[in-house]
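I set down here, in order, what I looked up in this structure. Each entry takes up one topic.

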Amino acid sequence: FIKTPQEGAQTSLYCALTEGLESLSGSHFSDCQLAWVSYQGRNEIIARRLWDVSCDLLGLPVDW
């Protein structure tokens, strides 16, 4: 369950450096593979609520 910093960076590097992934922009990747995202992770109402709460906790305006 624990990755080294190098292991943790691999998926980000993979997505940034692999040619041909442009059409998958915005998709979720895990361990250098396209990954399924749960319903909660795709729910725009939940995402907006998380954004609003995060802004409130940080003392930021909601729409900055």
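How many salt bridges does the structure hold? I worked from a predicted model, and I found two salt bridges in it.

**Entry 1: aspartate 31 and lysine 3.** I first noted the salt bridge in which the side chains of aspartate 31 and lysine 3 meet, at 2.5 Å from N to O. I then placed the partners: aspartate 31 lies in the loop between strand E1 (29-30) and strand E2 (33-34), while lysine 3 belongs to the segment before helix H1 (5-17), so the pair ties together parts that are 28 residues apart in sequence. I also looked up accessibility. Aspartate 31 is partly exposed at 47% relative accessibility, and lysine 3 is partly exposed with a relative accessible area of 47%.

**Entry 2: arginine 48 and aspartate 52.** I next recorded the salt bridge between the side chains of arginine 48 and aspartate 52, at 3.1 Å from N to O. Both residues are in helix H3, and because they are four residues apart, about one helical turn separates them. In general, an α-helix has 3.6 residues a turn, so residues three or four places apart point the same way. For accessibility, I noted 38% for arginine 48, which counts as partly exposed, and 26% for aspartate 52, also partly exposed.

**Entry 3: helix H3 and its ends.** I checked the length of H3, which has 15 residues (44-58). At 1.5 Å a residue, H3 should span 21 Å, and its end C-alpha atoms are 21 Å apart, which agrees. What caps the N-terminal end of H3? I found asparagine 43 there, with a side-chain oxygen 2.9 Å from the backbone nitrogen of isoleucine 45. Just after H3, I noted that glycine 59 takes a positive phi of about 75°.

**Entry 4: cysteines.** I searched the whole structure for disulfides and found zero.

Definitions and conventions: Residues are numbered from 1 along each chain as its sequence is written. This is a predicted model: local features need pLDDT of at least 70, side-chain atom pairs count only at pLDDT 80 or more; totals for chains, interfaces and linings use all residues. Side-chain values use heavy atoms; hydrogens and water are left out. A disulfide is a pair of cysteine sulfur atoms within 2.5 Å. Helices (H or I, at least four residues) and strands (E, at least two) are DSSP runs, numbered from the N terminus. The expected span of a helix is 1.5 Å times one less than its number of residues. A polar contact is a pair of N or O atoms within 3.5 Å; within protein, one must be able to donate a hydrogen and the other to accept it, and residues adjacent in sequence count only if both atoms are side-chain atoms. A salt bridge is a side-chain nitrogen of Lys or Arg within 4 Å of a carboxyl oxygen of Asp or Glu. Buried means under 20% relative accessible area, exposed over 50%, partly exposed in between (1.4 Å probe, protein chains only).
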